[in-house]
Amino acid sequence: MFSLYKKEVQSYFLSPFAYVISGLFLLVFSLSFVYEISQANSSVIRFSFSNIFYNNFFYFIFMIPLLTMRTFAEERKAHTETLWLSAPITIPQVVFAKFLGVATVYLMMMLLSLFFPLVALIKGSVIVSSLICGYLGFFLWGLVCIAIGMMMSALTDNPIIAAVLGEAAMILVLFLDNFTNTGLVKSIPFLAKILTWFSTEARFSGFSQGLFSIADLVFFLSITLVVLVWTIIIVEKRRWSRG
Amino acid sequence: MVEIKNLTKFYGSQPAVQDLSFTVGDHEVLGFLGPNGAGKSTTMNMITGCLPSTSGTVLVDGYDIAKDPMEVKRRIGYLPELPPVYPEMRVRDYLTFAAGLKQVPRAERDKQVANAMERLHITDVQKRIIGNLSKGYRQRVGFAQALLGKPKFLILDEPTVGLDPAQVMEVRRLIQDLAQDHTIIFSTHILAEVTAVCERVVIISKGKIRAEDSIANLEQKFGGKKQLRMKIEGEITTVTNIINSTEGVTGIDEAEYESAGVNVFTINVTGDDVRKQLITRLLAENCMVLEVSDVHASLEEVFVRLTSPSRADAMADLGKELDAKREAEQSAANAEAEPEGSTEADADGKEDA
């Protein structure tokens with residue numbers, strides 16, 4: 001399983017893939033950083049990293065499907081999955097190894113963005129605990145999105161379609177909260193209540209403001225786990241209909 | 001030992017493989033033969049555990065693929081139809097990764113990878129990116145992958161497809177070499193390959209076993225008719241008369257014009273000594289015999305007979321009939337048994353024409 005994990009991480013850096021996406025991520029991060037700084041003098045908005053995280057996620061969430069689109073779709077397309085299907089490794093192990101691989105790449109990208117808080121730390125002051133909390137929220141929400149992206153990739157053998165499905169899912173993840181707040185849904189309190197349970201944005205906003213809560217942590221991790229289990233089921237199911 | 005029992009696979013209501021049963025003994029090379037789309041790859045995928053079967057079992061060394069997949073997979077090296085190589089990886093890295101996946105102990109990985117590369121003659125491309133290699137090399141990298149983990153059984157799905165003739169020869173030699181310490185099942189639709197490396201073949205068509213036997217037995221059983229090819233110089237009617245009136249000749253299958261006064265005859269015969277008699281009689285009538293040769297019903301013919309859709313069932317029936325007859329006649333005189341069998345096949349041959 002470790003071999004597969006290692007290979008997954010390596011393969012991101014063997015193609016220009018990880019570099020391009022990290023570049024894009026840093027570009028977005030730096031743009032919002034600069035924008036926040038330019039606003040710092042205004043009396044209304046105070047400069048804070050929580051804002052940056054928040055804004056960033058709106059853009060960044062759409063890059064996650066690009067990271068995950070190849071995980072299963074590409075392997076189906078290139079018929080490389082026979083390698084791990086015929087090897088002494090179980091499908092749950094494969095799914096977790098791949099998930100950890102993407103999560104590692106994602107973590108590396110986040111580490112690159114540490115550059116900005118460092119600059120801020122040198123030139124000003126940063127509330128470190130709040131920053132850590134922000135990063136933690138960012139990472140946890142990312143894990144949920146990675147799991148969802150992988151599930152979409154397992155559904156098809158075309159990476160592009162996997163990416164498109166992934167983007168659609170990300171929109172759902174992102175705007176579920178807004179949707180819950182519409183008049184229509186609010187008029188049905190029962191439905192609104194259920195949807196709020198699954199709203200990830202509200203939980204993230206807690207983290208981004210430096211509020212750490214065990215409930216939110218458990219929420220993110222359990223959602224990730226559930227989606228990964230679905231992914232295992234999909235991969236296992238598709239194994240039955242292989243040509 | 002690999003035991004396959006009543007293996008069946010349905011895609012929806014479409015059967016891909018039906019009720020397949022055969023056994024492969026240790027250190028045996030089994031050719032798995034069939035036209036494209038016969039279910040060869042499906043079967044191999046099921047043996048290696050890539051594809052679950054609808055019903056039936058595969059036992060590898062007594063371990064059931066459905067119940068003990070890990071034990072089975074540890075014993076099998078699989079080269080699928082399309083080599084499962086990652087184009088962005090380097091040959092050596094890929095093989096090291098595959099060795100890790102097959103749970104080769106860390107200390108042994110380098111050694112095994114080096115061995116596999118040497119066997120497949122890819123040591124000189126070990127630093128290259130797989131995506132930049134030619135099809136032949138990629139195939140060999142896939143093959144090397146199958147050898148990692150020292151599996152007892154090798155399942156090779158069309159290992160020579162896409163290779164040039166020299167490479168094909170090399171792979172055949174490699175299979176023969178590997179056969180010394182491995183049990184090999186390999187599929188192909190190229191018959192020369194089977195004749196070259198296998199002792200036993202299983203012929204399948206449309207997901208069903210058509211025949212399972214040694215090559216020699218198959219040729220004997222389904223090849224059926226004996227023919228002589230003779231190039232004769234002389235007046236055609238005289239020659240035809242002589243041939244037809246010779247004892248042991250059952251008819252002229254074909255007469256081809258070669259040049260003025262020279263024709264090539266394909267003659268159906270029953271006995272072995274017809275040749276002598278024919279030549280003597282022809283020479284007596286001043287007809288020159290320029291060439292004589294035996295026509296062997298090759299495996300190729302057997303294959304076409306068994307797998308062409310319209311005749312497949314008829315031939316399978318005929319095979320059973322012949323078997324039954326042979327058994328019945330075993331108690332009777334042996335001399336009688338053989339010509340009987342041949343006439344049966346002859347009759348069938350004529351129907352075909």
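At what angle do H9(A) and helix H13 (residues 200–208) of chain A pack, and how far apart are their axes? The legends below take up this question and then turn to other parts of the predicted model.

**Figure 1. Packing of H9(A) against H13(A) in the predicted model.** Two packed helices are described by the angle between their axes and the distance between the axes. Here H9(A) and H13(A) pack at an angle of about 155°, and their axes are 7 Å apart. Since angles over 145 degrees count as roughly antiparallel, the two helices are therefore roughly antiparallel to each other. On the side of H9(A), the residues that meet H13(A) are Cys133(A), Gly134(A), Leu136(A), Gly137(A), Trp141(A) and Val144(A), and their counterparts in H13(A) are Thr200(A), Phe204(A), Phe207(A) and Ser208(A). Sorted by class, this contact has six nonpolar and four polar residues, and no charged ones.

Figure 2. Gly142(A) counts as buried because it has 24 C-beta neighbours inside 10 Å, where 20 or more are required. When its neighbours within four places in sequence are left aside, Gly142(A) is in contact with Ile64(A) and Tyr106(A). Phe60(A) is 82 residues away from Gly142(A) in sequence, yet the two are 9.1 Å apart in space, C-alpha to C-alpha.

**Figure 3. The open six-stranded sheet of chain B.** Chain B, which has 13 helices and 14 strands, includes an open sheet of six strands in the order S6-S7-S8-S3-S9-S10, with mixed pairing. S6 and strand S10 (208–214) stand at the edges with a single partner strand each, so one side of each is left without a neighbour in the sheet. Neighbouring strands of this sheet are turned by 15° against each other on average, direction ignored. Helix H5 (residues 135–147) of chain B lies across S6 and S7, and runs at about 170° to S6(B).

**Figure 4. Strand S8 of chain B and its partner strands.** Strand S8 (residues 183–188) of chain B is mostly covered, with six of its six residues buried. In a regular strand the side chains alternate between the two faces of the sheet. Both faces of S8(B) are covered, with Thr183(B), Ile185(B) and Ser187(B) buried on one side and Ile184(B), Phe186(B) and Thr188(B) buried on the other. Strand S3 (residues 29–33) of chain B runs parallel to S8(B) and is joined to S8(B) by five bridges, and Phe32(B) stands opposite Ser187(B). Strand S7 (residues 153–157) of chain B is likewise parallel to S8(B), with five bridges, and Leu154(B) stands opposite Ile184(B). From S7(B) the chain crosses through helix H6 (residues 165–178) to S8(B), in a β-α-β crossover that is right-handed. S3(B) also runs parallel to strand S9 (residues 200–205) of chain B, to which four bridges join S3(B), and there Phe32(B) stands opposite Val202(B).

**Figure 5. The contact between chain A and chain B.** The contact takes 25 residues from chain B and 20 residues from chain A. On the side of chain B that touches chain A, the elements giving two or more residues are helix H2 (69–75), strand S6 (76–79) and helix H3 (91–101) of chain B. The largest share of that side, four residues, comes from H3(B). By class, the side of chain B that touches chain A has 16 nonpolar, five polar and four charged residues.

Note on methods: Residues are numbered from 1 along each chain as its sequence is written. Chains are lettered from A and ligands numbered from 1 in the order in which they are written. This is a predicted model: local features need pLDDT of at least 70, side-chain atom pairs count only at pLDDT 80 or more; totals for chains, interfaces and linings use all residues. Two residues are in contact if their C-beta atoms, placed from the backbone, lie within 7 Å. Ala, Val, Leu, Ile, Met, Phe, Trp, Tyr, Cys and Pro count as nonpolar, Asp, Glu, Lys and Arg as charged, and the others, Gly among them, as polar. A residue is buried if 20 or more other C-beta atoms lie within 10 Å of its own, exposed if 12 or fewer, and partly exposed in between; C-beta atoms are placed from the backbone. Two strands pair if DSSP finds at least two bridges between them. A crossover is right-handed if, with the strands pointing away from the viewer, the path from the first strand over the helix to the second runs clockwise. Axes are lines fitted to C-alpha atoms, for helices over the stretch in contact, and angles run from 0 to 180 degrees between N-to-C directions. Angles under 35 degrees count as roughly parallel, over 145 as roughly antiparallel, 65 to 115 as roughly perpendicular and the rest as oblique.
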